[in-house]
Amino acid sequence: MRNPQSAVLAKILPEGVAVAEFLCDPAEARPYPQEEAAIAGAVPERRLEYATVRHCARLALTQLGLPPVAVPSGPDRAPIWPAGIVGSMTHCAGYRAAALAPATMLDSIGIDAEPHESLPDGLLRLIARPDELASLAALRLAHGEVHWDRVTFSAKESIYKAWYPLMRRWLGFQEASLRFDPPTETFTATVHQPGVALGGGPLSMLTGRWRIVRGMLLTTVVVARQNHSCSGDA
């Protein structure tokens with residue numbers, strides 16, 4: 001069964017992914033001793049965010065029939081998941097969440113949450129490729145109720161979170177091109193960086209979903225087990 005707190009994010013993730021989310025920082029959310037080093041000296045707001053997303057992760061672990069354990073940060077600041085588990089965490093103002101799955105089901109997960117509002121001036125040109133800017137202009141004309149600059153930013157955050165655990169190297173915002181399909185609230189990303197071959201081929205194509213609810217934007221990307229595109233790189 002899905003956690004009742006996961007009503008939003010679970011709708012854009014596959015069945016079998018364990019999800020927990022909160023709209024606040026519950027009093028029971030506390031960092032484990034192994035997690036403290038990552039937030040030593042952090043401001044109270046950062047400590048609360050860190051503790052709550054890891055509380056979400058522990059709730060998701062229990063949904064998978066596993067004990068709640070520490071989720072420390074590695075030297076690269078990425079979460080260190082228990083053996084056999086893949087996952088992702090996210091937080092923004094008024095929202096915290098984690099999504100986990102057995103590694104036998106998925107190779108990786110990326111999730112991101114953002115306020116559904118325009119990006120600061122000038123930021124879009126730093127994160128979008130020239131070909132994307134033209135398609136985003138067309139999307140704004142056809143679907144002006146959506147802040148496509150923010151959707152682009154969030155989708156690329158989710159792409160990076162799904163990419164990095166598999167490749168263990170940086171993927172810049174302009175190293176992925178997005179194509180959005182508004183009717184289905186899905187997107188496809190072509191990665192402009194050679195991908196390490198996994199299973200069926202190089203990881204050069206990723207797909208994801210988005211959802212806007214109550215002024216908040218959520219995006220997700222999952223990499224199915226041994227289901228990678230063999231598309232060429234540009």
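**Exercise 1. Classify the exposure of Phe173 and of Phe153.**

At a relative accessibility of 25%, Phe173 counts as partly exposed. The classes are buried (under 20% relative accessible area), exposed (over 50%) and partly exposed (in between), with a 1.4 Å probe and protein chains only. Phe153, with a relative accessible area of 16%, is therefore buried.

The model is predicted: local features need pLDDT of at least 70, side-chain atom pairs count only at pLDDT 80 or more, and totals for chains, interfaces and linings use all residues. Residues are numbered from 1 along each chain as its sequence is written, and side-chain values use heavy atoms, with hydrogens and water left out.

**Exercise 2. Classify two aromatic pairs.**

Step 1. A pair of aromatic rings is described by the distance of the centres and the angle of the planes. Rings of Phe, Tyr and Trp (its six-membered ring) pair if their centres lie within 6.5 Å; planes under 30 degrees apart count as stacked, over 60 as edge-to-face and the rest as tilted.

Step 2. The structure holds seven aromatic pairs. In one of them, Trp148 and Phe180 are 5.4 Å apart centre to centre, with 55 degrees between the planes, and the pair is tilted. Trp148 belongs to helix 4 and Phe180 to strand 5 (residues 176–181), so this pair ties together parts that are 32 residues apart in sequence. Trp148 and Phe180 are both buried.

Step 3. For Phe153 and Phe173, the ring centres are 5.4 Å apart and the planes stand at 25 degrees, so this pair is stacked. Phe153 lies in helix 4 and Phe173 in the loop between helix 4 and strand 5, 20 residues apart.

Step 4. Ring pairs also join Trp148, Phe180, Phe187 and Trp210 into a cluster.

**Exercise 3. Describe how helix 3 and helix 4 pack.**

Step 1. Helices (H or I, at least four residues) and strands (E, at least two) are DSSP runs, numbered from the N terminus. Helix 3 (residues 130–142) and helix 4 (residues 148–167) pack at about 130 degrees, with axes 10 Å apart. Axes are lines fitted to C-alpha atoms, for helices over the stretch in contact, and angles run from 0 to 180 degrees between N-to-C directions.

Step 2. Helix 3 and helix 4 are therefore oblique to each other. Angles under 35 degrees count as roughly parallel, over 145 as roughly antiparallel, 65 to 115 as roughly perpendicular and the rest as oblique.

Step 3. Contact means heavy atoms within 4.5 Å. Glu132, Leu136, Leu139 and Arg140 in helix 3 meet Trp148, Thr152 and Lys156 in helix 4.
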